[in-house]
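Reader: Hello! Please take me through one chain closely, and then show me how its partner looks by the same tests. I would enjoy one connected account with a few individual residues along the way.

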Amino acid sequence: MDLTYTAEQRAFADEVRTFTRHHLDPAVARKVLEGSRLGREDFLGWHRALAKKGWAGVGWPKAFGGTGWNSTQQHIFDEVTADEGAPQLIPFGLRMVAPVIMAFGSKEQQDWHLPKILSGENWWCQGYSEPGSGSDLASLKCKAERDGDHYIVNGQKTWTTLGQYADWIFCLVRTSSEGRQQEGISFLLIDMKTPGITVRPIIMLDQEHEVNEVWFDDVRVPVGNRVGEENKGWTYAKFLLGHERTGIAGVGRCKRIVKRLQHVAKRAQANGRPLIEDVRFRDRLAQVEIDLRALEITLLRVLAAEAEKRAPGPEASLLKIKGSEIQQTLTELTMMAAGPAALPYVREGEHGAPDVPWLSDEAFRFASGHYFNFRKTTIYGGSNEIQRNIIAQMVLGL
Amino acid sequence: MDFNLSDEQKALKDSLAKFIDRAYTFDDRWKIIKSVEGWSRKHWNQLAEIGLMALPVAEADGGLGGTGVDTMLVMEELGRGLVVEPYLGCIVLPAALIRAAGSESQRAALSEGLASGETLYAFAHTEPGQRYERNAVAIAATAKDDRYVLNGKKVSVLGGDAADRLLVSATLSGDAGPSLFVVSANANGVKRFAYPMHDAQRGADIELANVEVGADALLGERGRAAPAMDYAFDVGCAALCAEAVGAMAELHKITVEYLKTRKQFGRPIGMNQALQHRAVDMLMHVEMSRSMAMEAAVACENTDPAARAKAISAAKTLVSQGCRYVGQQAVQLHGGIGVTHELNTSHYFKRLTMISITFGDADWHLGRYGDALLAAA
């Protein structure tokens with residue numbers, strides 16, 4: 001057992017860092033590091049730079065144009081790029097639908113979709129949740145009826161993250177109401193430009209437009225856009241959710257936030273001294289760092305196990321729970337550090353320009369906005385209550 | 001021991017509750033917070049008619065001579081209705097400052113406009129880079145002939161957007177403690193930048209550049225404002241605790257209703273024991289907070305500053321923790337819909353969060369309570 005990186009791994013980390021410093025737009029890095037909201041091009045610029053280098057398919061096998069990196073390399077990549085201020089690679093294409101297409105898609109689907117996902121040409125979004133089907137996803141009602149070579153899709157999806165930017169959506173649709181709910185679901189790939197699709201913004205509590213409702217009104221989808229077999233979509237959906245939950249842990253991102261928090265704790269004043277000298281606050285900071293280190297090692301253990309199987313097991317739920325809780329703690333501590341400076345509402349412009357000119361400290365500018373925004377992390381990707389149910393049932397056999 | 005309200009107090013609570021039920025629905029509030037000013041003079045005047053502005057002003061100064069308990073009753077209702085009109089910032093806090101710091105003639109002169117609701121005051125104290133310090137005032141005042149000149153910046157001033165007059169804390173060179181100055185918000189050299197806060201209440205950052213005021217602008221005695229400021233912040237904390245209880249109780253009610261109506265897996269989600277226990281823990285926070293809001297309200301009348309400080313900080317610690325738990329769990333139990341702007345859940349959550357970090361968060365007050373223990377040891 002060795003929990004340190006080998007010389008080879010350290011060299012790999014240096015390579016990733018050098019590449020990132022040369023190819024990541026400094027303006028984008030600044031936005032990420034100060035916590036500003038990113039626009040479509042901010043995400044895509046970095047994605048394209050990686051694609052050019054052959055690094056966009058981080059967890060992909062070489063056969064599909066991926067890096068073929070092992071789990072430790074993937075983690076190093078995540079950690080180093082996050083540290084340098086790289087935006088998160090939007091997971092819906094690269095980390096979610098792509099593994100499904102690789103595992104269950106047809107040769108035609110693989111040949112057509114995977115290169116466009118890898119290059120960033122097609123931005124994907126996720127059509128899972130519906131207003132009445134959140135935790136109980138299998139009760140979904142969005143309907144797809146056969147009409148010759150097409151499905152006619154009618155219904156509504158919701159919480160569609162960054163759907164306003166998307167070129168394609170992968171959807172769970174009901175193709176049968178016979179038998180168990182799970183047995184009447186199919187997995188469709190739908191071009192967002194198809195007539196009958198309407199995207200409507202949902203404004204979140206931080207007053208930002210991040211998620212959407214997607215409405216389908218007699219949308220014609222070629223049968224060839226179905227992944228795998230009809231009515232077997234639930235199997236693919238679960239496969240995908242396992243991948244989603246590993247990514248949600250967000251260890252690299254957490255480490256970056258910790259760094260910012262340490263910076264803030266040195267700058268913020270409490271009773272005329274740096275806040276870091278306040279033992280009550282310092283203890284909180286210490287505790288979250290300890291939790292994060294435990295999460296990191298656990299993530300590496302899960303990734304190592306995952307490398308030997310086809311999909312992550314129920315342990316992914318553990319990562320999702322802890323990762324989301326740590327992210328929330330970090331944003332809460334940043335808000336606490338800001339104190340009264342966390343009260344004003346500062347709008348995050350696309351270009352990060354604040355509309356409050358003389359706020360006391362730029363480090364605090366988005367402190368409470370992030371705190372409010374991050375409440376979603378224990379809800380999305382299967383709420384933490386659902387994750388605990390999964391562990392209780394699948395791991396503990398209760 | 002008596003937890004009963006007097007007939008007058010019941011009548012006050014009742015008329016305010018009726019006003020909120022009638023004129024302050026979520027839709028009414030939505031229109032108000034989207035308006036340019038961000039609050040409603042019409043509603044403000046109606047609150048004045050009920051007697052709210054005169055309530056915290058002493059009878060000798062032309063007010064109703066209300067106690068901490070009266071303010072508690074008002075704030076709890078305002079919390080329930082998520083009222084954004086700047087009652088705390090422009091009435092409760094300045095009234096306490098004027099009462100504690102002002103000379104007899106100043107109290108009478110300044111209270112008149114405040115008690116009628118016609119003159120809005122705001123306490124401009126916190127400075128850039130500060131957190132919850134009550135005495136560390138860096139802003140400089142210099143004496144010039146028989147006048148004073150103020151220079152510096154104040155941030156996160158509650159009601160600073162709307163105030164006609166600012167009560168500015170500043171330290172004169174050579175003085176051991178801070179002084180308070182009454183400054184017209186429109187005086188030469190006063191620049192303010194108003195903004196909404198996360199909970200849709202309004203505030204401002206204020207810059208004072210060579211602002212000249214007369215000798216009569218000094219509120220109370222030079223260099224001796226610290227006890228009055230401490231008192232005003234304690235009164236403000238007690239008011240926040242009561243407001244939090246009103247908001248928390250309502251949010252808990254909304255959440256339990258949601259648990260009973262939202263169905264997943266063919267049954268109400270409230271059938272899940274894990275969620276039931278969470279709802280019970282929320283209720284425990286509400287009731288413990290209610291008790292401590294009472295303790296804080298009564299403590300406002302305590303003439304021993306050390307005893308008052310201890311009770312207030314005990315209350316603000318526990319209530320801030322309650323704000324956090326109830327707010328976070330309400331959102332979590334609502335799921336996705338809980339993090340949307342269109343539902344009142346998130347608005348309650350945001351107000352509770354802001355209350356928890358205003359005038360000292362749980363950690364700050366825990367520290368202040370601990371300091372009191374140490375001082376007595």
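Author: Happy to. Chain A exposes about 17,100 Å², of which carbon and sulfur atoms supply 51% (Shrake-Rupley method, 1.4 Å probe; for residues, only the protein chains shown count as cover). This is a predicted model, in which local features need pLDDT of at least 70 and side-chain atom pairs count only at pLDDT 80 or more, while totals for chains, interfaces and linings use all residues. Residues are numbered from 1 along each chain as its sequence is written, chains are lettered from A and ligands numbered from 1 in the order in which they are written, and side-chain values use heavy atoms, leaving out hydrogens and water.

Of the 398 residues in chain A, 57% are buried (under 20% relative accessible area; exposed is over 50%, partly exposed in between; 1.4 Å probe, protein chains only). The chain has twelve helices and ten strands (DSSP runs numbered from the N terminus: H or I of at least four residues for helices, E of at least two for strands). Its C-alpha atoms fill a box of roughly 75 × 50 × 45 Å along the principal axes. A compact globule with 398 residues would have a radius of gyration near 21 Å, and the 22 Å of chain A agrees (taken over C-alpha atoms; the rule is 2.2 Å times the number of residues to the power 0.38).

Among contacts in chain A between residues at least 6 apart in sequence, 74% join residues at least 24 apart (a contact is heavy atoms within 4.5 Å). A:Leu3 gives an example: it sits in the segment before helix H1 (7–23), yet touches A:Arg293 and A:Ile297, leaving aside residues up to four places away in sequence. A:Leu3 and A:Ile297 are 294 residues apart in sequence, but their C-alpha atoms are 8.2 Å apart. Even so, A:Leu3 is exposed, with a relative accessible area of 55%. A:Ser71, in helix H4 (residues 71–83) of chain A, counts as buried because its relative accessibility is 11%.

Most residues other than glycine have a negative phi. A:Asn231, though not a glycine, has a positive phi of about 70°; its place is the loop between strand S8 (226–227) and helix H7 (233–248) of chain A. At 21% relative accessible area, A:Asn231 is partly exposed.

Now for the partner. Chain B has eleven helices and ten strands, and 60% of its 377 residues are buried.

Helix H8 of chain B is worth a look. Its 27 residues (273–299) should span 39 Å at 1.5 Å a residue, and the end C-alpha atoms are 39 Å apart, which agrees (the expected span is 1.5 Å times one less than the number of residues). Buried residues of H8(B) include B:Leu275, B:Met282, B:Val286 and B:Met292. Their cover includes helix H12 (384–395) of chain A, together with helices H4 (68–80), H7 (226–261) and H9 (305–334) of chain B.
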